[in-house]
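Open the structure in your viewer and keep the selection tool ready. The tour goes stop by stop.

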Amino acid sequence: MSRRSGRRPLSNYRSYDPAAGAWWQRGADFTGMHSILAFAVAIALVAVVGVVFDPLNVTTEFDLPEVELAAFDEEYDVAYEEGKQRGIEEGRSRTLVLLGLEHADRDAPWVRGLREGWMTGWNSALDELADATRASAPEDERRRELELLAGIPRR
């Protein structure tokens, strides 16, 4: 066997220089398979941590149903309370009006005042509607609207 000069049998190992280290250790290869695998594992680890733990609290399309349901629940509670208060106030006023309109003692001062206010408000509303129809309704609709307002009974 002859040895050719210029060709080393272990070309990817360190040189034969004793100051360079042991000859059987591989030299540094920064773009080798271990570096590529380490990079791929790091990217996968970041993706898994991002999906499972969500450290930045990013809303994605997968989170939208939960966010929508939370917003609906929050708005529903607010709307429910407002509607409940409005319903209570409306119920009280209707009950008061019905008590006044159907009260047995029609000569009581508060019953007379309620009846007169109810009648005056109803009749003045009908008068205002008729005036607005005469002033600004289109020609072809004016007669029909005035007939409709005339058909509403006055109190």
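Which residues form a negative surface patch? Select D73, E74, E75, D77, E81 and E82: together they make up that patch. Keep in mind that this is a predicted model.

D77 sits in helix α2. Its relative accessibility is 48%, so D77 counts as partly exposed.

**Aromatic rings**

Now show the ring side chains. Two aromatic pairs turn up in a search of the whole structure. Select Y76 and Y80. Their ring centres are 6.1 Å apart and their planes meet at 20°, so this pair is stacked. The cut-off for stacking is planes under 30 degrees apart.

Where do these two tyrosines lie? Y76 and Y80 are both in helix α2, which covers residues 64–101. They are four residues apart, about one turn of the helix.

Colour by accessibility next. Y76 has a relative accessible area of 47% and is partly exposed. Y80, at 46%, also counts as partly exposed.

Ring pairs link F72, Y76 and Y80 into a cluster.

**Salt bridges**

Switch to charged side chains. Side chains of opposite charge can pair when their charged atoms come close. How many salt bridges does the structure hold? There are six. This tour visits some of them.

Go to helix α3, residues 109–136. Select R134 and D131. Their side chains meet in a salt bridge, at 3.2 Å from N to O. The two residues are three apart in helix α3, so about one helical turn separates them. R134 is partly exposed at 47% relative accessibility. D131 is partly exposed as well, at 42%.

Move on to helix α4, residues 139–151. Select R142 and E139. These side chains form a salt bridge with an N to O distance of 3.0 Å. Both residues lie in helix α4, three residues apart, about one turn of the helix.

Is E139 buried or exposed? E139 is exposed, with a relative accessible area of 62%.

Select E147 and R143. They form a salt bridge, and their closest N and O atoms are 2.9 Å apart. E147 and R143 are four residues apart in helix α4, so about one helical turn lies between them. R143 is exposed, at 61% relative accessible area. E147 is partly exposed, at 48%.

Definitions and conventions. Residues are numbered from 1 along each chain as its sequence is written. This is a predicted model: local features need pLDDT of at least 70, side-chain atom pairs count only at pLDDT 80 or more; totals for chains, interfaces and linings use all residues. Side-chain values use heavy atoms; hydrogens and water are left out. Rings of Phe, Tyr and Trp (its six-membered ring) pair if their centres lie within 6.5 Å; planes under 30 degrees apart count as stacked, over 60 as edge-to-face and the rest as tilted. Buried means under 20% relative accessible area, exposed over 50%, partly exposed in between (1.4 Å probe, protein chains only). Patches are made of residues with over 30% relative accessible area and no salt bridge: like charges are joined within 9 Å, nonpolar side chains (Val, Leu, Ile, Met, Phe, Trp, Tyr) within 5 Å. Accessible areas come from the Shrake-Rupley method with a 1.4 Å probe; for residues, only the protein chains shown count as cover. A salt bridge is a side-chain nitrogen of Lys or Arg within 4 Å of a carboxyl oxygen of Asp or Glu. Lys and Arg count as positive and Asp and Glu as negative; His and the chain ends are not counted. The place of a charge is taken as NZ of Lys, CZ of Arg, CG of Asp or CD of Glu.
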